[in-house]
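Please look over the sequence and the model shown below, then follow the points in order.

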Amino acid sequence: MQSAPTARPGAPPLAVDAVVFGEALVDLFPETPGVLLEDVDRFMRHSGGAPCNLAIGLQRQGIPTALITQVGSDAFGRFLKKRLASEGLAIDGISTHKTARTGVTFVSVASDGERSFLFYRHPSADMLITPAEIPPPMVQRGRLFHFGSSSLSREPSRTATLHALALAQKQQARRLISCDLNLRPHLWPDIKEAPPLLRKVLSGCDVVKLTDDELPLLCGTESVEAGAAVVRSLGATVVVVTLGERGAYLDSPQGTAYFAAEPVTVVDRTGAGDAFSAGLLATLLVCLSGGGPEDLRQRLKELPMDVLKRACTHGSHLASRVCSALGATTALPHTPPPPPVPKVSATHKRNR
């Protein structure tokens, strides 16, 4: 695949359809799954971090995407920039911290695909991003702005995230705001800060994806239906709760529905949720193509249930593919989402 063009210093931001904000990390996996970290002799290197994984997923679905993050002035930072450029991503929004290092995560994968993580981020460069590294033109491009919760866990990345979100919302009628919660309690110095802050930022989102494990802390309930309804009541139009091997649950203006997971022999679950979000969002963007940009959010509210089902099904397909190999994007296919089904007029139906 050809590398994406890189902008010259001071040049206008590259044209993209989606902007993803958040961490880009290096994941180190044992060469042999099931081996404990203390017994590993050799590791394999992959790009990682939920926003980074999702940005790659969108790009592979044919959605021109930019990632806004910060890496270290080190070998791993250079690796990530090179890796993301080779995917075709716009990397003109990736800044470099002079002293902090690129974050590294050691991932141990059990025989059933479940993971445990050992993080080296004390703090890493992505956690030190500030509003100064986020010029408004970098954010205010394309039809989608996406973020996660990890960058909200502490300062200064919390202020930077809220700054980027506010910039995106200045043109919200023309841009969808999406959040994949991806809540990691260990990142928060005080986890009690998380629920009120997250409920506040989710109130400005159009699409929210979260897991059933996150519902008790965020919504005060273990009920999937009740938790999704709480998030919808905050202001979101489309809410999807992923349930692992049990599938996913959708709550939308058109109704609610459960979707079965696609069967797969699980090797590694890392990045499955990010792949689901990529499939969901890419399908929505494809089905919202055409029409005026100023009515994008309204058209999302009016999408028929069959389109929303198609988006969730495509997300489940990508998630299952990702689980079939080691690494968050190794098996993520370069498969565009299914195109919209053309509307057939009543006259055409009668004349068939």
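Helix α2 (residues 75-86) lies across β2, β3 and β6, and runs at about 65° to β3. Helices (H or I, at least four residues) and strands (E, at least two) are DSSP runs numbered from the N terminus. Angles run from 0 to 180 degrees between N-to-C directions, with axes as lines fitted to C-alpha atoms, for helices over the stretch in contact. The model is a predicted one, in which local features need pLDDT of at least 70 and side-chain atom pairs count only at pLDDT 80 or more, while totals for chains, interfaces and linings use all residues. Residues are numbered from 1 along each chain as its sequence is written, and side-chain values use heavy atoms, with hydrogens and water left out.

**The four-stranded sheet**

- Four strands make an open sheet in the order β3-β2-β6-β7, and the pairing is mixed; two strands pair if DSSP finds at least two bridges between them.
- β3 (43-48) and β7 (115-120) are the edge strands, each with a single partner, so one side of each has no neighbour in the sheet.
- From one strand to the next, the twist averages 25°.
- Within this sheet, β2 (residues 25-30) and β6 (residues 104-109) pair in the parallel sense over three bridges.
- V104 in β6 is the bridge partner of V26.

**The nine-stranded sheet**

- An open sheet of nine strands has the order β5-β4-β1-β8-β9-β10-β11-β12-β13, again with mixed pairing.
- The edges are held by β5 (94-97) and β13 (255-259); each has a single partner strand, so one side of each is left without a neighbour in the sheet.
- The twist here averages 15° from one strand to the next.
- Helix α2 packs on this sheet, touching β4 (65-72) and β5, and its direction makes about 170° with that of β4; contact means heavy atoms within 4.5 Å.
- Helix α8 (residues 272-287) also packs on the sheet, where it touches β8 (144-148), β9, β10, β11 and β12 (248-252), and its direction makes about 160° with that of β10.

**Strand β10 and its partners**

- Four of the five residues of β10 (residues 207-211) are buried, where buried means under 20% relative accessible area, exposed over 50%, and partly exposed in between (1.4 Å probe, protein chains only).
- Strand β9 (residues 176-180) runs parallel to β10 and is joined to it by three bridges.
- S178 stands opposite V207 in β10, and D180 stands opposite K209 in β10.
- The chain passes from β9 through helix α5 (residues 194-202) to β10 in a right-handed β-α-β crossover; right-handed means that, with the strands pointing away from the viewer, the path from the first strand over the helix to the second runs clockwise.
- Five bridges pair β10 with β11 (residues 238-242) in the parallel sense, and V240 in β11 is the bridge partner of K209.

**Cysteines**

- The whole structure holds zero disulfides, a disulfide being a pair of cysteine sulfur atoms within 2.5 Å.
- C219 is buried, at 16% relative accessible area, and its sulfur is 12 Å from the closest cysteine sulfur, in C179, which is too far for a bond.
- C323 is buried as well, at 8%, and its sulfur is 17 Å from the closest cysteine sulfur, in C312, also too far for a bond.

**Confidence**

- The mean pLDDT (the predictor's confidence in each residue, from 0 to 100) of the protein chain is 92, and 93% of its residues reach 70 or more.
- Residues 344-352 have pLDDT below 50, and beyond near neighbours in sequence this stretch has one contact in the model.
- Where pLDDT is low, the predicted coordinates should not be read in detail.
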